[in-house]
Amino acid sequence: DPVSGIPVFATSTTTIIMAHPLAGPLPVLTNTSTFTDDTIDEMIDLATSTGNLLQWAGVYAFWGVLGLGVILTAGGVLRSTRGS
């Protein structure tokens, strides 16, 4: 998913390489995994929900914190003027 950065793969290949002193690097384990449709659907759901969370945090949280700051500032000004 390009928005959230969560990778969604149908097939994954992992290779572990060991450094041999004479022969150089040698692959000692190569694993190829193919995911089921249920797993792919779960990864797509995770990527979609993470994208929605990033949008919520980037837009709504900014305005919420800004609004809270304005309310607290106004409350502090009112309290200081009434106290004098």
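Predicted model: local features only at pLDDT ≥ 70, side-chain atom pairs only at ≥ 80, totals over all residues.

1. Buried residues account for 7% of the 84 residues in the chain.

2. On the overall layout, the chain has two strands and one helix, and reading from the N terminus the order of these elements is β-β-α. Strand 2 covers residues 24-34, while helix 1 covers residues 37-83. For contacts in the chain between residues at least 6 apart in sequence, 43% join residues that are at least 24 apart.

3. Thr34 deserves a paragraph of its own, and it belongs to strand 2. Its relative accessible area is 61%, and because the cut-off for exposed residues is over 50%, Thr34 counts as exposed. Leaving aside residues up to four places away in sequence, Thr34 touches Ala10 and Thr11. The C-alpha atom of Thr34 is also separated by 6.5 Å from that of Ser12, although these two residues are 22 residues apart along the chain.

4. Turning to charge, which residues form the negative surface patch? The patch is formed by Asp37, Asp38, Asp41, Glu42 and Asp45. One of these residues, Glu42, has its place in helix 1, and Glu42 counts as exposed because its relative accessibility is 60%.

5. A nonpolar patch is also present on the surface, formed by Leu53, Trp56, Val59, Tyr60, Phe62, Trp63, Leu66 and Val70, and together these residues have about 890 Å² of accessible area. Among them, Leu66 lies in helix 1. Is Leu66 exposed or partly exposed? With a relative accessibility of 40%, Leu66 counts as partly exposed, since that class takes in values between the limit for buried residues, under 20%, and the limit for exposed residues, over 50%.

6. Glu42 is classed as exposed, whereas Leu66 is classed as partly exposed.

Key
Residues numbered from 1 in each chain as written. Heavy atoms only, no water. Patch = residues over 30% accessible without salt bridge, like charges linked within 9 Å, V, L, I, M, F, W, Y side chains within 5 Å. Areas by Shrake-Rupley, 256 points an atom, 1.4 Å probe, with all protein chains shown as cover. Salt bridge = Lys/Arg side-chain N within 4 Å of Asp/Glu carboxyl O. Lys, Arg positive; Asp, Glu negative; His and termini not counted. Charge placed at Lys NZ, Arg CZ, Asp CG, Glu CD. Helix = DSSP H or I, 4+ residues; strand = E, 2+ residues; numbered from the N terminus. Buried < 20%, exposed > 50% of the residue type's maximum accessible area, 1.4 Å probe, protein only. Contact = heavy atoms within 4.5 Å.
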